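Trainee: Please take a close look at one part of this model for me: the contact between the two chains. Walk me through it piece by piece.

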Amino acid sequence: MPLTREQLAKRISQEVEDGFVVNLGIGIPTLVANYISPEKNVMLQSENGLLGIGPFPLENEVDADLINAGKQTVTEASGASYFSSADSFAMIRGGHVDLTVLGAMEVDEKGDIANWMVPGKMVKGMGGAMDLVAGAKRVIVAMQHTDKEGNSKLRKACTLPLTGKACVNRIVSDLGVIDVTPQGFVLLEYAPDMTPEKIMKLTEGRMTISPHCKMMTF
Amino acid sequence: MKSKVVKNATEALVGLQDGMTLVVGGFGLCGIPENCITALKELKVKGLTCVSNNAGVDDFGLGILLHSRQIKKMISSYVGENATFEKQFMSGELEVELCPQGTLAERIRAGGAGIPGFYTPTGVGTKVAEGKEVKVFDGREYILEKGIKGDFALVKAWKGDKFGNLIFRKTARNFNPMVATAGKITVAEVEELVEVGQLPPDQIHTPGIFVQKIFQGQGYEKRIEQKTVRKGS
């Protein structure tokens, strides 16, 4: 069985290290925050100008002036700070953010990512995604391994317009954990009930199996 | 000294004409100049180019001016929550320049700071880079992006004084400080307008030099796009 959204988020939470500043994208990446161990001292960055995102507010704490990049109402964590969008992207583009987690429609074996535009469909815009993939120290993609028809989204070369070139470090898909290396995709972990061979078959790009490849644990 | 204080948005926007470029603060519906947007609708100016991270929603924010077909072109990073926008964009009625959010923030900052262009790694190798100069620094590629200036800049602050010093509140700051620097005429609307000397100089986010007109706004709706709460224990 492929991982559920929650399992995916839980697995990605293991990628967050003590002391990290992390920017989480919209969708599954946002769920990652729910699983980060409270032992880890982590600051979540929101590109609209908040470092230190707290939990969602109680009904009586809701403040229209305090939202995250997904426009949801949030609270401030202890030690939080507010700043302008220019300062926010100085943090992001300037390489001060340790990790960003975003979704993708396609990633290829060179680490190119496409997640903002499908030709012929309404284009909503890239928001901060192009800056995040260009500037964060580490880029992890949370994605479905295949589309609804079973076609691989881990491609030899992206077919959709790119968000960034050669920038993805690791993919956590609903089937496994895959690093992007100069030799292409390397499978590190597979989801329970999957096998490395099955994942290879569902991957279009060049993939090798790490000698240390193991079953994913949560 | 000639006073910067005006009565309301209508008075602040005197001189704003068809075809002008407006740089507008806010992120989503947070920290947007609500009073100025309402006044623009009443002014019926047309053919506007609006530089703003988002385009509002159907019936609020810049969505109001899209609905009344006063905007000719938007320069934004994300325009997803707006059906009017989608219709006008798909039909070719509305021109759109999509710009990465960090690049947009920096273009406005640069415009206001007298910097005509800058190199950024954002968007290298993507559609955004098409037609732009590429330069290599220390082995990495960067693209040339241009600064943005507007005929008018419209910002919303929490507190302001009569010299135009501004203090923003929480994430309602967002694009507002850069936008304030980027207008030939910058209009600030504030929730609370105080006398000069009443704001602590160390707490000011935007020094009054950038602001030409200021007024105390009224009737702020501060609409929330995605109200999300947790249950109390």
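Mentor: The contact takes 49 residues from chain A and 52 residues from chain B. Keep in mind that this is a predicted model. Together, chain B and chain A bury about 4,100 Å². Carbon and sulfur atoms account for 62% of that area. On the chain B side, three residues stand out: B:K170, B:T171 and B:R230. They supply 16% of the area that chain B buries against chain A, more than any other three residues.

Now the polar side of the contact. Across the interface of chain B and chain A, 27 residue pairs are in polar contact, counting pairs with both residues at pLDDT 80 or more. Which elements of chain B give two or more residues to the side that touches chain A? They are α4 (83–90), α5 (101–112) and α6 (176–181). Of these, α5(B) gives the most, with 6 residues. By residue class, the side of chain B that touches chain A divides into 20 nonpolar, 17 polar and 15 charged.

Next, the salt bridges. Over all chains the count comes to 31. Between chain B and chain A the count is 6. Take A:D65 and B:R169: they form a salt bridge, and their closest N and O atoms are 2.8 Å apart. B:K227 forms a salt bridge with A:E59, where the closest N and O atoms are 2.4 Å apart. Why does the pair of B:K227 and A:E59 join two chains? B:K227 lies in the segment after β11 (213–216) of chain B, while A:E59 lies in the loop between β3 (50–53) and β4 (76–82) of chain A, so the pair joins the two.

One more feature draws on both chains: the second largest pocket. Its volume is about 210 Å³. The lining of this pocket has 14 residues. Nearest its centre lie A:K165, B:P121, B:V124, B:R140 and B:E141. Two elements give two or more residues to the lining: α4 (129–135) of chain A and β7 (140–146) of chain B. The largest share comes from α4(A), with 3 residues. By class, the lining of the second largest pocket divides into 7 nonpolar, 4 polar and 3 charged residues.

Methods. Residues are numbered from 1 along each chain as its sequence is written. Chains are lettered from A and ligands numbered from 1 in the order in which they are written. This is a predicted model: local features need pLDDT of at least 70, side-chain atom pairs count only at pLDDT 80 or more; totals for chains, interfaces and linings use all residues. Side-chain values use heavy atoms; hydrogens and water are left out. On a 1 Å grid over the protein atoms alone, a cavity is a set of points where a 1.4 Å probe fits but cannot get out, and a pocket is an open set with protein on both sides within 12 Å along at least five of seven lines; lining residues have an atom within 4 Å of a point. Grid points are joined across faces, edges and corners, and a volume is the space filled by probe spheres set on the points. Helices (H or I, at least four residues) and strands (E, at least two) are DSSP runs, numbered from the N terminus. Ala, Val, Leu, Ile, Met, Phe, Trp, Tyr, Cys and Pro count as nonpolar, Asp, Glu, Lys and Arg as charged, and the others, Gly among them, as polar. Contact means heavy atoms within 4.5 Å. Buried area is the accessible area (1.4 Å probe) that two parts lose on being put together, summed over both. A salt bridge is a side-chain nitrogen of Lys or Arg within 4 Å of a carboxyl oxygen of Asp or Glu. A polar contact is a pair of N or O atoms within 3.5 Å; within protein, one must be able to donate a hydrogen and the other to accept it, and residues adjacent in sequence count only if both atoms are side-chain atoms.
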